[in-house]
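Let's take a friendly look at charged side chains that pair up. Have the sequence and the model open as you read.

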Amino acid sequence: MTVSVVLFTSDLRVHDHPPLRAALARADAVVPLFVRDPAIDGTGFAGPNRQAFLADCLTDLDRRLRDRGGRLVVRTGDPVAEVRAVMEATDADEVHMAAGVSRYAQSRERRLREALEADGHRLHVHDAVITALPPGAVTPTNSDHFAVFTPYLRRWSAQGVRAVLGAPRTVRVPDHVRSERLPARDDITGTSPGLAHGGESEGRKRWKAWLRGGIDRYGERHDDLAGDATSKLSPHLHFGTLSCAELVHHARARATPGAEDFVRQLCWRDFHHQVLAARPRTASADYRTRGDRWRSQESAAQDIRAWREGRTGYPIIDAAMRQLLHEGWMHNRGRLLTASFLTKTLYVDWRVGARHFQRLLVDGDIANNQLNWQWMAGTGTDSRPNRVLNPVLQAKRYDPDGAYVRRWVPELAGLPGAAVHEPWKLPGKERERYDYPEPLLELADGLGRFKRARGID
């Protein structure tokens, strides 16, 4: 009996899974393997919210494999050592896995390939499993990646997305392969109280509901903070319980402006992945340095703490930060506003914000989190690196009646309409009724400091 190993990483599904389908086509049996690498814990990447969501995903993946006669094998340790151990135990001769873009993923692939080749085995790395198009599928003249989104969007849109694969009917797994107990959400402490549930079943249910009730109006409603009208599929894309290629196909089939706007957002995700694949150092280093001399974390400690806790005195900022604490997720408009406020109004290094987001976000993805932070800090690919978002003007535009702020900043719930965005304007006696902090600083002062730091007249 021939055996192949399928190493699951950020692709925790059975639908549209090229490595799984290829392995099943080439061998009599497969070992669906997931390796929990303790080295990730030391990086701070394995936050409680993502660990809990991951536990849901692994449980659901195991259930779906068992429905097809198989099961998921879970091991803890160095991925290379665990893959080799499974191969030795099953006499497998090849491994299939999805391509990744982070430094960690590239290092894992290189080490695994070297080890397998030394053992006389083969590693098959499959593209377009985690993204719709693989990084490098489209490139500009004289560069290995696009640094500007709009021309990338044009080329990406003209490129065909691979065909979608159905879920296999049968998955045969050797009986004698040892597996650890699956992790459970209840094993994880310190999670956000409103954390969503993970798994392919949940992801596909949410996707079908989004197709029925939200995607066609996405373009007109995606910035509505209170309307909560985004798909909330980002955690499922991060863990690969949904296929980006499948989502592109289904969205394009609707042929509506809203669906096209949604596809554009999927393209943004691919854009950041191709940047990180070409420039892995941008996970921690400026893509384009601006000569910033950020405030030290010691001198800005009180401001950073207030920002993290949602106590800056700017209600729209505080509402978004409290949503993050409660749900492990934040509306995209909120992400833009809070990042602009930290890096440009408070003039704090973008890495401080990226680390905080990475600790809490259930969809915390190195490519999208780090590069979106760089975008807002002006050190990334933004063609207008010195733009500053005014939180008051943005609040009045995207939360005009204040419903979002009142939802997440309940101490201001008694303020009607747009007045909730500027509580400092209340008369003295009335202001004293609200247990809410004064603004950390005047917006004009923050803007002035940022302009001086960047040498802007």
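## Some ground rules

A residue is called buried under 20% relative accessible area, exposed over 50%, and partly exposed in between (1.4 Å probe, protein chains only). This is a predicted model, where local features need pLDDT of at least 70 and side-chain atom pairs count only at pLDDT 80 or more, while totals for chains, interfaces and linings use all residues. Residues are numbered from 1 along each chain as its sequence is written, and side-chain values use heavy atoms, leaving out hydrogens and water.

## Counting the salt bridges

A salt bridge here is a side-chain nitrogen of Lys or Arg within 4 Å of a carboxyl oxygen of Asp or Glu. How many salt bridges does this rule give? The count comes to 31.

Find R181 and D187, whose side chains form a salt bridge with 3.0 Å from N to O. R181 is exposed, at 59% relative accessibility, whereas D187 is partly exposed at 42%.

Helices are DSSP runs (H or I, at least four residues), numbered from the N terminus. D56 is buried, with a relative accessible area of 14%.

Another salt bridge joins R351 and D286 (3.5 Å, N to O). R351 belongs to helix α15 (residues 350-360) and D286 to the loop between α11 (257-278) and α12 (301-309), so the pair ties together parts 65 residues apart in sequence. D286 is buried, at 14% relative accessibility.

Notes:
Helix = DSSP H or I, 4+ residues; strand = E, 2+ residues; numbered from the N terminus.
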